[in-house]
Amino acid sequence: MVRSEEEVATEELNFAKMRVKQLKAFLAERGVECKGCAEKEHFVEKCEASRDMPILPPEPAVEESSGMNLEDMDDVAANMMREMNGDFSHVKDPEKRRILKSLKDKGISMSGSTDMDIDQLRNLEKSLSSFNMPGGEL
């Protein structure tokens with residue numbers, strides 16, 4: 001029987017001389033977990049028992065996506081810049097627009113505040129109304 005280079009290389013491995021990080025990598029390549037392994041010897045034993053197992057194909061990389069395309073992100077960034085400058089003209093709800101403007105006039109600016117629920121904004125406005133802040137009254 002003809003043996004592959006991988007089989008020969010695996011047989012020649014001396015697990016006892018390997019670092020734990022290398023042993024963990026060896027097991028991970030084969031999809032083997034070493035639950036309860038606390039000492040190096042446990043990893044060595046598990047590697048010895050897994051020596052003949054095939055290496056699994058790598059899992060495809062999963063790209064995280066916010067679900068937004070670049071154009072949408074540009075719109076979000078543009079709105080955030082407008083908000084930082086006190087322009088809430090893109091906010092459709094007039095009460096929300098008034099509260100945000102009032103908070104901005106008091107020096108309170110929050111990124112993404114237009115996404116806040118109207119009740120949250122009302123409560124914030126109410127709780128801050130008792131503070132004497134520079135820039136005027138709420």
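Me: How many disulfides are there here?

Reply: A disulfide is a pair of cysteine sulfur atoms within 2.5 Å. By that rule, this predicted model has one disulfide. Cys34 and Cys37 form it, with their sulfur atoms 1.5 Å apart. The angle about the S-S bond is -55°, and the link of Cys34 and Cys37 is left-handed. Cys47 is in no disulfide: its nearest cysteine sulfur belongs to Cys34, 7.5 Å away.

Me: Is Cys47 buried or exposed?

Reply: Go by relative accessible area: under 20% is buried, over 50% is exposed, and in between is partly exposed (1.4 Å probe, protein chains only). Cys47 comes out at 0%, so call it buried. Cys34 counts as buried too, because its relative accessibility is 16%.

Me: And where is Val91?

Reply: Helices (H or I, at least four residues) are DSSP runs, numbered from the N terminus. Val91 sits in the loop between helix H4 (70–84) and helix H5 (94–105). With a relative accessible area of 6%, Val91 is buried.

Me: Which residues does Val91 touch?

Reply: Contact means heavy atoms within 4.5 Å. Leaving out residues up to four places away in sequence, Val91 touches Lys96, Arg97, Leu100 and Thr114. Val91 and Thr114 are 23 residues apart along the chain, yet their C-alpha atoms are separated by 7.0 Å.

Methods:
Residues are numbered from 1 along each chain as its sequence is written. This is a predicted model: local features need pLDDT of at least 70, side-chain atom pairs count only at pLDDT 80 or more; totals for chains, interfaces and linings use all residues. Side-chain values use heavy atoms; hydrogens and water are left out. Helices (H or I, at least four residues) and strands (E, at least two) are DSSP runs, numbered from the N terminus.
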